[in-house]
Amino acid sequence: MELPVLDETAVQIIATVVKFLVVLVAVLHIPPVMIWVERRAPALMQRRRGPNRVGFFRWRLWGLLQTLADAVKLIFKEESVPGSAYRGFFHLAPLIGLIPTLLFVSSIPFGPGIEIGGWKISLSVIELDIGALFILAVTGIGVYGVTLAGWASNGKFSLLGSLRASAQMISYEIPLGLSLIPLVLIYGSLNLQQLIYAQSVVWKWGIFLSPISFFIFLICMFAETNRAPFDLSEGESELVAGFHTEYGSAKFALFFLSEYVAMFALSCLCSVLFFGGWQIPFVSHALLVSLLGVNLAALVGVATLLLKAAFFMWLYVWVRWTLPRFRYDQLMNLGWKFLLPLGLANICVTALVLAVMGA
Amino acid sequence: MHPYLPVLIVLAVALVIGLVMSFLSAFFGPKVPSAVKQEVFECGVPELGSRERMSVRFYLTAILFILFDIETVFLYLWARTFKSLGWFGIVEIFVFVAILVAGYVYVLKRKALEWE
């Protein structure tokens with residue numbers, strides 16, 4: 001049989017599907033590992049043991065398989081839908097929560113391009129010239145999942161949790177958007193890959209050129225994912241579990257998955273915007289390519305980005321077990337009365353400084 | 001290849017995988033429904049439901065969010081063309097931000113952002 005000759009479009013479409021499947025499989029492994037970290041780390045901090053039993057036959061592996069067991073348990077649970085729920089929305093909400101986060105994580109440039117059989121393939125599944133705006137738009141859609149989940153379950157706790165969570169997410173989306181604008185001013189691009197290339201040396205990293213942006217972004221990162229110290233949407237002591245109170249079995253697992261994928265995507269975005277993305281500090285990419293070749297250098301780049309993102313994932317856990325929860329009025333005041341004016345002032349000052357330096 | 005084609009591909013694949021995953025329990029789990037099990041969880045007291053009014057603060061927050069978010073998008077367009085616009089762009093955007101801050105101060109004075 002004669003193989004059909006591949007043209008550019010076909011190769012890129014196949015590459016997109018393969019890249020997305022790789023990202024998906026990788027991303028499916030984040031919640032198990034992260035939940036394990038999130039149980040072991042506080043155990044370390046509080047001098048407890050944490051889960052350390054579930055392992056593979058004789059090997060306990062420090063309880064690493066605990067969350068795998070939990071996932072299996074969740075899948076084999078009965079799916080119970082409240083009788084008074086809006087069924088359609090109830091089933092739809094976890095999907096609407098998950099799909100935007102998958103779009104978000106696929107628009108991260110995980111590394112420089114690779115070459116397979118003469119075809120140049122970039123290492124981001126979705127590469128848009130307006131990457132930063134696309135990410136903002138997609139995180140905006142994620143709010144619908146939370147709102148619908150709470151509204152469709154028709155429970156007091158779910159509704160209160162979803163109202164709190166959605167108000168919080170949209171409030172912090174504004175400072176999040178404002179915090180990226182100084183970077184666009186400095187680097188002159190919205191394309192994430194070009195933003196990384198613009199940060200080729202350490203003193204051109206976003207965190208040094210625009211530290212206030214990083215400060216705002218970091219706070220918004222925690223607030224956007226409803227994580228401690230801003231986890232009022234699921235304050236266990238008041239709301240049972242927040243917007244997913246009525247969800248059980250695989251749908252509950254989907255909410256967990258989208259939360260952790262969003263955390264991972266934001267950690268990657270933070271590394272891309274402020275810490276030079278996949279570039280190793282003080283080692284230029286050209287040097288790596290000349291030493292290792294294009295493909296190996298790209299792999300090293302991916303590892304570097306994942307390492308940087310892992311630090312922020314750890315920061316999430318660290319902060320969660322260090323800081324107490326905010327009160328709701330404090331949370332809204334911080335977003336609207338502190339971060340929003342600060343973000344606007346940051347933009348104006350950056351623009352003035354750039355114009356004076358350019359003139 | 002059109003740059004937005006991957007968005008469609010990701011959407012389609014994510015939809016299929018999400019659907020499969022969200023119906024895993026429906027295939028594997030037991031099904032023993034009962035009247036009590038299908039009640040909404042309200043800590044054991046009889047179910048009251050929640051289809052009633054909610055605090056107007058949440059609506060206000062949503063409306064203000066739309067205003068400020070659209071403004072953010074305008075700022076993005078300006079930021080991208082900042083280098084070619086020069087001082088003209090800076091003066092224009094300062095006027096824009098000044099009007100915006102006036103609205104923001106009005107919102108603050110009317111206590112639309114107070115939570116108690």
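Let me start with the interface, where 88 residues of chain A are in contact with 67 residues of chain B, contact meaning heavy atoms within 4.5 Å. This is a predicted model, in which local features need pLDDT of at least 70 and side-chain atom pairs count only at pLDDT 80 or more, while totals for chains, interfaces and linings use all residues. Side-chain values use heavy atoms, with hydrogens and water left out, residues are numbered from 1 along each chain as its sequence is written, and chains are lettered from A and ligands numbered from 1 in the order in which they are written.

The area buried between chain A and chain B is about 6,500 Å², with carbon and sulfur atoms giving 75% of it; buried area here is the accessible area (1.4 Å probe) that two parts lose on being put together, summed over both. On the side of chain A, Glu78(A), Lys156(A) and Trp336(A) lose the most area to chain B, together 10% of what that side buries.

How many salt bridges are there between chain A and chain B? The count is zero, where a salt bridge is a side-chain nitrogen of Lys or Arg within 4 Å of a carboxyl oxygen of Asp or Glu.

Over all chains, however, a search of the whole structure finds seven salt bridges. One of them joins Glu38(A) to Arg227(A), with the closest N and O atoms 2.2 Å apart. Because Glu38(A) lies in helix H2 (residues 30–45) and Arg227(A) in the loop between helix H9 (211–224) and helix H10 (236–239) of chain A, this pair ties together parts that are 189 residues apart in sequence; helices are DSSP runs of H or I, at least four residues, numbered from the N terminus. Glu38(A) is buried at a relative accessible area of 5%, and Arg227(A) is buried at 3%, buried meaning under 20% relative accessible area (1.4 Å probe, protein chains only). Glu38(A) and Arg227(A) are also linked with Glu259(A) and Arg320(A) in a network of salt bridges.

A further salt bridge is formed by Glu79(A) and Lys251(A), whose closest N and O atoms are 3.0 Å apart. Glu79(A) sits in the loop between H3 and H4 of chain A and Lys251(A) in helix H11, 172 residues apart, and both Glu79(A) and Lys251(A) are buried.

Lastly, Arg327(A) forms a salt bridge with Asp329(A), the closest N and O atoms being 3.0 Å apart, and Asp329(A) is buried, with a relative accessible area of 19%.

Technical notes: Helices (H or I, at least four residues) and strands (E, at least two) are DSSP runs, numbered from the N terminus. Buried means under 20% relative accessible area, exposed over 50%, partly exposed in between (1.4 Å probe, protein chains only).
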